[in-house]
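This report concerns the structure shown below.

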Amino acid sequence: MPSEFALINRYFKRSLTHTVLGAGDDGAIVKAAPGRELVVSTDMLIAGTHFLPNSAPESLGWKTLAVNVSDMAAMAAEPRWALLAVALPEVDEPWVAAFANGFFACAKAFGIDVIGGDTTRGPMAFCVTIFGEVPDGQALLRSGAQPGDEIWISGTPGLAALGLAHLQQRCVLNPTAQIACLAALHRPQPRVALGLALRGMAHAAIDVSDGVLADLGHILETSKVAATVYLEQLPQAACNTGIEHILATDCLLSGGDDYELLFTASATRHAEIIALSESLPLTLTCIGTIDSGTAGEVSLMDSAGKPVPFDKRGYDHFK
C-alpha cells in the first residue's frame with residue numbers, strides 16, 4: 001500500500017500555471033494581480049449525503065471540483081487555485097486514479113491550479129477550498145437585488161434532482177431522459193463564462209445548489225426584498241420527461257444540485273441578456289420579478305396569475 005505522500009505525489013501533484021509554490025511544503029504560495037480581489041469558498045461532499053457511495057469515481061472527481069467552481073461563477077470570479085482534502089476508508093488505487101483524472105479534467109477545463117490539500121483515513125469525504133480573482137469592486141453578491149429587477153435562471157434546473165430520484169428508484173426515466181438527467185447530476189457544468197459576462201450587468205447572483213426557490217430565498221433575505229415567480233416561465237425540461245407531475249415540479253422548484261446561476265438584473269438589460277444567451281450560447285430564462293415586500297417572501301404564480309401553493313423550498317442539511 002502506498003504511503004500518504006506517495007499517493008499525493010502519484011495522483012494529485014500536477015504542473016501549475018498561476019502559482020509560486022504548490023503542494024509539498026507546509027503551505028502554497030500564490031500571487032494575486034494588482035487591482036484584483038481574491039474570492040475564497042469551501043464545500044464538503046460526504047458519501048451518502050452529497051453523492052451515492054457507488055458513484056463512478058471519474059465523474060465524482062469532476063463534480064467534487066465543479067461544485068466549487070460554480071461558487072466562483074456566482075460571484076463573477078475567475079477560478080484560479082484549489083486545495084483538496086480527501087478522507088478514504090481504504091486505498092483502492094484504480095479508484096483513486098479515476099477520481100484524480102476527473103478532478104484534474106475539471107481543473108484543466110477551468111484553468112485551475114491544484115496547489116495542495118490533505119489526505120486521511122476515514123468515512124469517504126472530499127473538501128475543496130477554492131480561490132478566484134475578480135477586479136476590485138466587481139464581485140457579484142447576493143445582496144444587490146433591487147425592486148423592479150427581473151429574475152433569470154440559466155440552463156435547465158430540475159434535471160439533476162430527477163436523475164437522483166431515478167437512482168433512488170423514486171421514478172423510472174426513459175432512456176433519453178436518463179442520459180440528460182444523470183449527466184446533469186454527475187457532470188455539472190459551472191457557468192463561469194456567464195458569471196464573468198454578468199459583471200456590471202447583474203445586480204445579484206447565486207448558484208443553485210439547494211433548489212431554485214431556496215437559493216432565490218437567500219438573495220431575497222440578504223437583499224431585503226420579495227419576489228414573484230411564474231411557474232410556467234421556468235424552463236420546463238424537468239416537467240417534459242414523462243414523470244409524474246408533482247415529482248417533476250418538486251424537482252424543478254426545490255430539487256437542487258443544478259449548479260445553474262440564478263441572477264437579477266434591471267429590466268432595461270433584458271435585450272442585452274437575451275443577446276448574451278445567444279452569444280454564449282446558453283439558455284437564459286426570465287422567471288419573475290423582484291418586489292418591495294417582506295424580505296425573503298416568494299409568491300409563486302400560475303399562468304392565470306393565481307397563487308400556486310408550495311411547501312418545500314429546497315434542501316436543508318438539518319431538516
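Helix α7 is followed by K224, whose phi is positive, near 60°. The model is predicted, so that local features need pLDDT of at least 70 and side-chain atom pairs count only at pLDDT 80 or more, whereas totals for chains, interfaces and linings use all residues. Residues are numbered from 1 along each chain as its sequence is written, and side-chain values use heavy atoms, with hydrogens and water left out.

Helices (H or I, at least four residues) and strands (E, at least two) are DSSP runs numbered from the N terminus. The 12 residues of α7 (residues 212-223) should span 16 Å at 1.5 Å a residue, and this agrees with the 17 Å between its end C-alpha atoms; the expected span is 1.5 Å times one less than the number of residues. Because 9 of its 12 residues are buried, α7 is largely enclosed by the rest of the structure. Buried means under 20% relative accessible area, with a 1.4 Å probe and protein chains only. Among the buried residues of α7 are V212, L216, I219 and S223.

Two strands pair if DSSP finds at least two bridges between them. Two of the pairings involve β6 (residues 125-135), as tabulated.

| Strands | Sense | Bridges |
|---|---|---|
| β3 and β6 | antiparallel | 11 bridges |
| β4 and β6 | antiparallel | 9 bridges |

Within β6, A125 is the bridge partner of I46 and F126 that of L45, while E133 stands opposite E78. As 10 of the 11 residues of β6 are buried, this strand is largely enclosed by the rest of the structure.

The largest nonpolar core has 54 residues, and L65, F126 and F263 have the most contacts inside it. Such a core is a set of buried Ala, Val, Leu, Ile, Met, Phe, Trp, Tyr and Cys residues joined through side-chain atoms within 4.5 Å. Helix α2 (residues 57-74) supplies the largest share of this core, 9 residues. Leaving aside neighbours within four places in sequence, F126 is in contact (heavy atoms within 4.5 Å) with residues including L45, L60, L84 and W95. A second, separate core of 37 residues includes V208, I219, L234 and I287.

Note on methods
Buried < 20%, exposed > 50% of the residue type's maximum accessible area, 1.4 Å probe, protein only.
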